Each structure stands twice: as structure tokens, then as C-alpha cells.
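Subject: Structure handover and findings

Hello,

Here is the structure I promised to pass on. Please open it alongside this note and follow along.

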Amino acid sequence: MTINVSPFLRNALLLDAVASGATAILAMGGASFLSPWLGLPADLLFWSGAVLVPFVAFLVAMARRETLARMTLIDIIGINVLWVVASFGLLVSGLVSPTALGIAFVSAQAIAVALFAELQFIGMRRAGVQTA
């Protein structure tokens, strides 16, 4: 099954891409600077940003299409949900000792990602379904 990429869904995907891209640039470019302020390892910051680069490219590519496989959009939403779970999981795992600023940073980006997943889900529900 495919769905039509409405302007709402396109914007939700692009907003996710822009925010994820900004996070990737900040995390990769500022890992050494941010690490002591956030209480998070520089390698964790760098590689979490690096993981976002192909995701951003994929989001942009999908946002440019007129239709998407419904499963592709479900995968994007699922990836976002996993990011949120991993982010909060990291905070409670005891594997890192973030500062208050680090907790706020991880929590804020996780909440933003949850919002993107919700917007994408709404866009999927509103989109017209096509059978191929």
C-alpha cells in the first residue's frame, strides 16, 4: 500500500530532517566542546550525530516523493520512537553521568523527536491510501 505525501506530511518529514541535521552538526562539530558541559562522552555525542546523517538524507528523499510505501513511513516513525526510548534509556541506565544541562539536552531532543513521530503518524492517518 502507498500513501499520498500531503503538504502536512511533507513538512513533518522536512522538519524532522532539519532538526536532525542541526543536531548532527551540533553533536559532531561540537562534541569536544559540549562533552564537559553536558557530562556526556565526546565519542557518544560525535557518533550519535554521525548516525543521523544518513537518516537526514533518507528523510529528505522521502519528503520529495509524491507517494510513499506505508511501511516506509511506519519505519521512519519507528526509528524516531526507538531514538526516544534510547535517549531516555541512556539517562536512566547509569552508563553516563550527565549534568543537569545534559539531562535537559537529551530530554529536549527526545521530546522533539517524539513530536516529529506524532506529526508523521498524524500525516499518515490523514493521507489518502492508494492500492498498487
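My notes on the structure follow, from the overall layout down to single residues.

This is a predicted model, in which local features need pLDDT of at least 70, side-chain atom pairs count only at pLDDT 80 or more, and totals for chains, interfaces and linings use all residues. Residues are numbered from 1 along each chain as its sequence is written, and side-chain values use heavy atoms, with hydrogens and water left out.

**Overall layout**

The protein has four helices and three strands. Both are DSSP runs numbered from the N terminus: helices are H or I with at least four residues, strands are E with at least two. Along the sequence the order is β-α-α-β-α-α-β. The C-alpha atoms fill a box of roughly 50 × 25 × 20 Å along the principal axes.

Of the 132 residues, 37% count as buried. Buried means under 20% relative accessible area, exposed means over 50%, and partly exposed is in between (1.4 Å probe, protein chains only). Now the contacts, meaning heavy atoms within 4.5 Å. Among contacts with a separation of 6 or more, 76% come from residues 24 or more positions apart.

**Helix α2**

Helix α2 covers residues 42-63. Its 22 residues should span 32 Å at 1.5 Å a residue, and its end C-alpha atoms are 31 Å apart, which agrees. The expected span is 1.5 Å times one less than the number of residues.

Eight positions to look at are L45, G49, L52, F55, V56, L59, M62 and A63, which are buried in α2. The buried residues of α2 pack against α1 (7-38), β2 (67-69) and α3 (70-93).

**α2 against α3**

These two helices pack at an angle of about 160°, with axes 12 Å apart. That makes α2 roughly antiparallel to α3. Axes are lines fitted to C-alpha atoms, for helices over the stretch in contact, and angles run from 0 to 180 degrees between N-to-C directions. Angles under 35 degrees count as roughly parallel, over 145 as roughly antiparallel, 65 to 115 as roughly perpendicular, and the rest as oblique.

The crossing of α2 and α3 is left-handed. Left-handed means that the near helix is turned anticlockwise from the far one by less than a right angle; clockwise is right-handed.

From α2, the residues in contact are L44, S48, L52, F55, F58, L59 and M62. They meet T72, I76, I79, N80, W83 and L90 in α3. Take T72, which sits in α3. T72 is buried, with a relative accessible area of 18%. Leaving out residues up to four places away in sequence, T72 touches F58 and M62.

Helix α4 runs over residues 100-126. It has 27 residues and reaches 39 Å from first C-alpha to last, close to the 39 Å expected at 1.5 Å a residue. Its buried residues include G102, V106, A110, V113, F116 and M124. β1 (2-4), α1 and α3 are among the elements that cover the buried residues of α4.

α1 and α4 pack at about 165°, with axes 10 Å apart. They are therefore roughly antiparallel to each other. Their crossing is left-handed. On the α1 side, the contacts include F8, L9, A12, W37 and L38. On the α4 side, they include L101, G102, F105, F116 and R126.

**Single residues**

What does I103 touch, not counting residues up to four places away in sequence? The partners are L91 and P98. I103 lies in α4 and counts as partly exposed, at 40% relative accessibility.

L91 is in α3.

S35 is in α1. At 16% relative accessibility, S35 counts as buried. Beyond its neighbours within four places in sequence, S35 is in contact with L40, P41, A42 and L45.

Best wishes
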